[in-house]
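The exercises below concern pockets and helix packing. Work through each task with the sequence and the model open, then compare with the solution.

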Amino acid sequence: MPPREIEQRVREMLELINLSGFAARDVTSLSGGERQRVALARSLAPRPRLLMLDEPLGSLDANLRDTLAREVRSVIRSIGQTAVYVTHDQQEAFSVADRIALLHDGRIEQIDSPDSLFHQPVSRFAAEFLGLENIYPASSEAVAATLEAVGVPLPASRGEWVLIHPNGIQTAQTDGLPAVIQEVKFRGMTHDITAILPAGLAVRFILPGGYGRALQPGSGVRLNIDPACIVWLKK
């Protein structure tokens, strides 16, 4: 490119990554987050057909990583850039991706939108990789009794495992299954709750801090389980 076009393209890229006043700065004088922005701008400057990013934020602390993940998505979408983004961090993938391909043993285990992948994993591996719990053998009598209690019929053909998605479990005032609180873990803005259902099934779910504080181990509670959050999984 002619020097004048290069200069114009540099200005465009610095404006795109919110570093317009940094043209004269040496990259070694920049912060870690600013260096990552420069690296992104360098990659985008030649107008590639496909941009590939391999763990681009892996060396940054959690707060900065979350902020930059949103910025990377914003920049890529604003210019209509097609990108493949590799990460082992589930939350980072959810923040950036339009679609996620989950790999397992060198093959695609599932490819879906972030929302569908999280709420409808197809296999036990996918569910566990996403940090989901409440995964039980489909043949369990306790599972059958619990599903019957919430009005979910057992299909003639089903997977080897069943997931009661934590997002589908809520406390109830009157209706719902009676349960006993087994454990309450404080997570800052949320509480991680483990409760035992009448059939002996232990389920874990998350409550906002204000609701979780009211629960104590050994106390009784009623739980609503959304039938739409029962997911059959393959091996």
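**Exercise 1.** Which helices and strands each supply at least two residues of the lining of the largest pocket?

*Solution.* Note that the model is predicted. Start with the helices: α3 (62–78), α4 (90–96) and α6 (124–129) each give at least two lining residues.

**Exercise 2.** Describe the largest pocket by volume, lining and residue class.

*Solution.* Take the volume to begin with: about 720 Å³. Next, count the lining, which comes to 27 residues. Nearest the centre of this pocket lie Tyr85, Ala97, Arg99, Ile100 and Ala101. Finally, sort the lining by class: 17 residues are nonpolar, five are polar and five are charged.

**Exercise 3.** Give the volume of the second largest pocket, and state which elements line it with two or more residues.

*Solution.* The second largest pocket holds about 350 Å³ of space. Two or more lining residues come from each of α1 (3–16) and α2 (32–44). The largest share, five residues, belongs to α1. In total, 18 residues line this pocket, and those nearest its centre are Val10, Leu14, Val38, Ala41 and Arg42. Sorting by class gives 14 nonpolar and four charged residues, with no polar ones.

**Exercise 4.** Is α2 roughly parallel or roughly antiparallel to α3?

*Solution.* Begin with the geometry: α2 and α3 pack at an angle of about 20°, and their axes are 11 Å apart. Angles under 35 degrees count as roughly parallel. Therefore α2 is roughly parallel to α3. As for handedness, the crossing of these two helices is right-handed.

**Exercise 5.** Which residues of α2 and α3 meet, and how do they divide by class?

*Solution.* List the α2 side: Gly33, Gln36, Arg37, Leu40 and Leu44. On the α3 side, their partners in the contact are Leu64, Leu68, Glu71, Val72 and Val75. Then assign classes, with Gly counted as polar. The contact of α2 with α3 divides into six nonpolar, two polar and two charged residues.

Definitions and conventions
Residues numbered from 1 in each chain as written. Predicted model: local features only at pLDDT ≥ 70, side-chain atom pairs only at ≥ 80, totals over all residues. Heavy atoms only, no water. 1 Å grid on protein atoms, 1.4 Å probe; cavity = no way out; pocket = protein on both sides within 12 Å on 5 of 7 lines; lining within 4 Å. Points joined across faces, edges and corners; volume = space filled by probe spheres on them. Helix = DSSP H or I, 4+ residues; strand = E, 2+ residues; numbered from the N terminus. Axes fitted to C-alpha atoms, helices over the stretch in contact; angles between N-to-C directions. Parallel < 35°, antiparallel > 145°, perpendicular 65-115°, else oblique. Left-handed = near helix turned anticlockwise from the far one by under 90°. Contact = heavy atoms within 4.5 Å.
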